[in-house]
Amino acid sequence: LRIAVAIALMAAGVPTARADEIEPDRAEVTESARLVPPGALLVPSGLAYSRERRGGRPAQETFEAEADLRIGLLHDLELNLGWSPLVRVRGADDDAGIGDVTLGVRYRFVEGFEDARWPPHLGVKVFAKLPAAEEPIGTGRPDFGVLLLASFELPHDFELEVNVGAAAVGQTRPNGYLAQAIATASLSYDITPSLLGFLETLFNSADERGGRGLLAVNVGLVYRLTRRLAIGAGVQTSLAGQGPDHVVRTGLSVLWR
């Protein structure tokens, strides 16, 4: 908490070279096609708690601290680094430790005009998960994937962000990879100039052999404290398939220039 407050005070007190407004990542899951400006650093972080009931076994509860780095390299190129410095799992197997590391690159091939409905921002993200944790925290296997990203300005202060892609998910029983389809969509609305609400749908096919896919909905609020600092919270619940019954996320996003 002390570290978060220190970051917030520093972010609010340092002047910016230009009036760039933060595009917060948390507590949404959908990736944005809007990139961090060149030379800037966006730091989304937060906490997540999830609970999943499993037939014939104790419910699994997971507490996770998450931190990401989004680094603007070029006007249309961005480097991403994600890591969970602390993961605590309770259930059939109890464990605590660090989580996996994810590396990604976003490339924007169409840049939309601000406050214009067309064209939208369009991009692609290629990512790889590097295993840093064994079960039950992680799978111990690398994953690879690609996402198509789109951000649409809509009438009446609405915005729609869509991700569609696929991943190769590492398996251990037996060894190999399983193809997984991924699709998310987030509709947000500016309630006030500083406050926005979002409604998000999430789908992915099974991430393990013999498993089932997941369909879930995520709803929450994001508040911009300054042009470079935002906080948010969201609640996700499963509608169908195999996955957490519910997930509670909090977020803090800081833009450094």
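Me: Is G140 buried, partly exposed or exposed, and how do I tell?

Reply: Look at the relative accessible area. Anything under 20% is buried, over 50% is exposed, and what lies in between is partly exposed. In this predicted model, G140 comes out at 24%, so it counts as partly exposed.

Me: Okay, and where does G140 sit?

Reply: Find the two strands on either side. G140 is in the loop between β6 (121-130) and β7 (143-154).

Me: Which residues is G140 in contact with, if I skip its neighbours within four places in sequence?

Reply: Contact means heavy atoms within 4.5 Å. With those neighbours left aside, G140 is in contact with P131, A133 and E134.

Me: Now S253: buried or exposed?

Reply: Use the same cut-off as before: under 20% is buried. S253 has a relative accessible area of 1%, so it is buried. You'll find S253 in strand β13 (residues 246-256). Beyond its neighbours within four places in sequence, its contacts include I22, L42, R228 and A230.

Me: What makes up the largest nonpolar core?

Reply: Think of buried nonpolar residues joined through side-chain atoms within 4.5 Å. Here the largest such core has ten residues, among them I22, A40, L42, A230 and L255. A second, separate core has seven residues, including A33, F127, L147 and I182.

Me: What does A40 touch, not counting residues up to four places away in sequence?

Reply: A40 touches R70, I71, G72, L255, W256 and R257. One of those, L255, belongs to the largest nonpolar core along with A40.

Key
Residues are numbered from 1 along each chain as its sequence is written. This is a predicted model: local features need pLDDT of at least 70, side-chain atom pairs count only at pLDDT 80 or more; totals for chains, interfaces and linings use all residues. Side-chain values use heavy atoms; hydrogens and water are left out. Helices (H or I, at least four residues) and strands (E, at least two) are DSSP runs, numbered from the N terminus. Buried means under 20% relative accessible area, exposed over 50%, partly exposed in between (1.4 Å probe, protein chains only).
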